[in-house]
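Thanks for coming, everyone. Let me put the sequence and the model on the screen, and then I'll walk you through them.

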Amino acid sequence: MPSENWQLSQFWYDDATATALAEEAIREAGPSGRIACIACPTAYHKLRLIKPEACRAVILEFDERFKQYGDDFVFYDYNKPLAFPNTALEGSFDIVLVDPPFLA
């Protein structure tokens with residue numbers, strides 16, 4: 001996983017927090033649920049490690065270094081919150097984790 005980039009207001013969760021968020025998201029979404037992570041890459045990373053195979057996790061993130069996750073990466077810009085590159089994403093998640101960056 002890429003390292004924090006403070007210029008993008010990125011501050012990673014510790015392992016206990018990422019695990020707690022991932023476990024709760026899976027519990028709420030169910031074993032074959034769909035989970036979106038907006039600007040919370042450490043929770044997404046933990047989800048990839050512990051989710052059931054039938055569960056889908058997607059990361060919506062401004063930082064394009066996360067393209068390394070292939071089809072699970074969706075470019076997302078808080079300045080255009082409704083501008084999804086793929087309209088098939090709209091309304092398709094059982095739960096959404098959001099951790100908006102601190103933007104001064």
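A word on the ground rules. This is a predicted model, where local features need pLDDT of at least 70 and side-chain atom pairs count only at pLDDT 80 or more, while totals for chains, interfaces and linings use all residues. Residues are numbered from 1 along each chain as its sequence is written, and side-chain values use heavy atoms, with hydrogens and water left out.

Now the layout. The protein has two helices and four strands. Along the sequence, the pattern reads α-β-α-β-β-β. Helices (H or I, at least four residues) and strands (E, at least two) are DSSP runs, numbered from the N terminus. Of the 104 residues, 39% are buried. Buried means under 20% relative accessible area, exposed means over 50%, and partly exposed is in between (1.4 Å probe, protein chains only). Take the contacts with a separation of 6 or more: residues 24 or more positions apart account for 52% of them. Contact means heavy atoms within 4.5 Å.

Next, the strands. Strand β1, residues 34-38, runs parallel to β4, and four bridges join them. Two strands pair if DSSP finds at least two bridges between them. Ala36 stands opposite Val96 in β4. Strand β4 covers residues 95-98. Its covered face carries Ile95 and Leu97, and its uncovered face carries Val96 and Val98. In a regular strand, side chains alternate between the two faces of the sheet.

Ala39 sits in the loop between β1 and α2 (41-50). Its phi is near 60 degrees, a positive value in a residue other than glycine. Ala39 is buried, at 18% relative accessible area.

On to charges. How many salt bridges does the count come to? Six. A salt bridge is a side-chain nitrogen of Lys or Arg within 4 Å of a carboxyl oxygen of Asp or Glu.

Start in helix α1, residues 15-29. Glu24 and Arg27 meet in a salt bridge at 2.8 Å, N to O. They are three residues apart in the helix, so about one helical turn separates them. Glu24 is partly exposed at 34%, and Arg27 is exposed at 55%.

Arg56 and Asp72 form a salt bridge too, with their closest N and O atoms 3.1 Å apart. Arg56 is partly exposed at 30%. Asp72 is buried at 17%. Arg48 joins Arg56 and Asp72 in a network of salt bridges.

Lys67 pairs with Glu64, closest N and O atoms 3.6 Å apart. Both are partly exposed: Lys67 at 48%, Glu64 at 42%.

Last one, Glu61, in strand β2 (residues 56-61). Which side chain of opposite charge is nearest to Glu61? Arg65, 7.4 Å away. Glu61 is buried yet has no salt bridge. Its side chain does reach the backbone nitrogen of Asp63, at 3.2 Å.

Methods: Lys, Arg positive; Asp, Glu negative; His and termini not counted. Polar contact = N/O pair within 3.5 Å; in protein donor to acceptor, adjacent residues only side chain to side chain.
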